[in-house]
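Colleague: I would like a close look at one part of this model, and then at whatever it leads to. Please take it residue by residue and give the cut-offs as you go.

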Amino acid sequence: MVIEENILRRHDRESQDAVEAGFQSGPLVDALASAPVLETRGGLSKEEFDEEYRTRLRPVVLKGFVKDWPSVQTWSFEHLAQRCPDVKVTVNSYNSKEARTVTFPEFVTLLKENEGNTESPLYLQEWYYQTNAPQIAADMPELDVAQYDFRQDLYGEKASTNHQLWLGQEGGVTRLHQDSYSVDVMHAQIVGSKRWYVMGPKAELRLGADGKPDWDGLLSSPDTQLHQFDLMPGDLLYLPANWFHRIQLLSNSIGLGRKCLDQAHLRVHIKQRMNELLALLLNFDEVKETHPELVPVLMSRSRAFADRLGVDLSRLRP
């Protein structure tokens with residue numbers, strides 16, 4: 001098995017723990033304190049966004065871009081509990097030992113009972129709400145700046161709008177990672193606030209001569225492009241494909257993850273999709289052993305994707 005030299009790209013728990021530790025102590029902490037804030041713009045038209053940011057692969061926060069969405073105007077955890085009384089969700093799905101399936105109202109009750117527990121905050125990650133709560137989708141209208149998403153041509157409109165909600169408690173963390181499938185990230189903040197830390201797609205963290213992560217080497221490289229910023233309700237983040245990002249919830253938070261596939265990344269997107277599906281199909285036992293935390297998440301993604309494609313998983317052919 002080939003070992004990835006860039007620790008930031010590894011998916012094993014030991015490497016992820018080492019990277020996360022860097023955000024808690026060491027030279028990265030000082031660098032984060034002085035890292036520049038990501039560029040923020042307001043009032044951009046679709047044409048200005050395309051010309052100045054998307055075509056140049058420049059990340060940007062579009063200030064107040066979705067402030068008029070019904071979700072931004074009216075949502076709270078209690079509001080969603082009333083509208084999704086029987087909907088089941090999986091809490092802390094990224095940790096197989098803590099994952100549990102509950103109804104959405106039960107999730108809200110758990111949040112209240114766990115209030116103030118910053119050591120073990122609850123997090124509902126990657127909720128594909130359109131598979132079991134389509135009634136709330138209209139509160140998050142489609143974005144004109146996202147219509148370049150080639151997945152509409154590749155998979156059809158229903159699958160291309162298979163967006164995710166991220167709901168969690170103050171203190172929750174999504175560890176540093178690159179999003180799968182070489183897609184651009186558009187994240188709309190609906191309730192509460194999040195602090196984002198991002199690095200460029202060419203950022204590299206390697207082991208030093210002492211066998212420990214070489215943080216100084218990472219921070220001295222111009223490819224790292226370290227930035228930090230806070231996303232507030234109504235803000236929309238555009239992050240080009242393969243940028244690394246880590247998110248920390250500054251308060252109880254709800255955000256919408258909306259992916260976009262640039263046609264330029266089509267071939268690598270298909271390869272990554274096929275690699276994941278074939279690994280699960282042909283090498284499931286080893287994948288489960290080497291990536292035990294990821295397998296339930298990948299299965300959940302695949303089931304949601306199949307549902308949006310209208311695939312009957314009990315049949316070999318449509």
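What is the relative accessibility of M274, and which class does that value put M274 in?

Modeller: This is a predicted model, in which local features need pLDDT of at least 70, side-chain atom pairs count only at pLDDT 80 or more, and totals for chains, interfaces and linings use all residues. Residues are numbered from 1 along each chain as its sequence is written, and side-chain values use heavy atoms, with hydrogens and water left out.

M274 has a relative accessibility of 42% and therefore counts as partly exposed; buried means under 20% relative accessible area, exposed means over 50%, and partly exposed is in between (1.4 Å probe, protein chains only). M274 is part of helix α10, where helices (H or I, at least four residues) and strands (E, at least two) are DSSP runs numbered from the N terminus. M274 belongs to a nonpolar surface patch together with L154, I270, L277, L278, L281 and L282, and the accessible area of this patch is about 630 Å². Helix α10 gives the most to the patch, with six residues. Patches are made of residues with over 30% relative accessible area and no salt bridge; nonpolar side chains (Val, Leu, Ile, Met, Phe, Trp, Tyr) are joined within 5 Å and like charges within 9 Å. The areas come from the Shrake-Rupley method with a 1.4 Å probe, and for residues only the protein chains shown count as cover.

The loop between β13 and α10 leads on to helix α3. D262 and R54 form a salt bridge, at 3.4 Å from N to O. Because D262 lies in the loop between β13 (253–260) and α10 (266–282) while R54 lies in helix α3, the pair ties together parts that are 208 residues apart in sequence. Both D262 and R54 are buried. A salt bridge is a side-chain nitrogen of Lys or Arg within 4 Å of a carboxyl oxygen of Asp or Glu. The whole structure has 20 of them, and a network of these bridges links D262 and R54 with K46 and D50.

Another salt bridge joins E52 to R41, with the closest N and O atoms 2.8 Å apart. E52 is in helix α3 and R41 is in strand β1 (residues 40–41), so this pair links distant parts of the chain, 11 residues apart. With 22% relative accessibility, E52 is partly exposed, and R41 is also partly exposed, at 26%. K67 and D68 form a further bridge, at 3.6 Å from N to O. Here K67 counts as partly exposed at 44% relative accessibility, whereas D68 counts as exposed at 59%.

Helix α3 (residues 46–54) also holds E48, whose relative accessible area of 34% makes it partly exposed.

Aromatic contacts come next. Rings of Phe, Tyr and Trp (its six-membered ring) pair if their centres lie within 6.5 Å; planes under 30 degrees apart count as stacked, over 60 as edge-to-face and the rest as tilted. The count by this rule is 10 aromatic pairs. F49 and Y238 make an edge-to-face pair, with 5.1 Å between centres and 85° between planes. F49 is in helix α3 and Y238 is in strand β11 (residues 236–239), so the pair ties together parts that are 189 residues apart in sequence. F49 and Y238 are both buried. Elsewhere, ring pairs link F77, F104, F107, W127 and Y129 into a cluster.

E126, in strand β5 (residues 123–127), has a phi near 50°, a positive value in a residue other than glycine. E126 counts as buried, at 8% relative accessibility. S182 also has a positive phi, near 55°, and is likewise not a glycine. S182 sits in the loop between β7 (173–177) and β8 (184–191), and its relative accessibility of 3% makes it buried.
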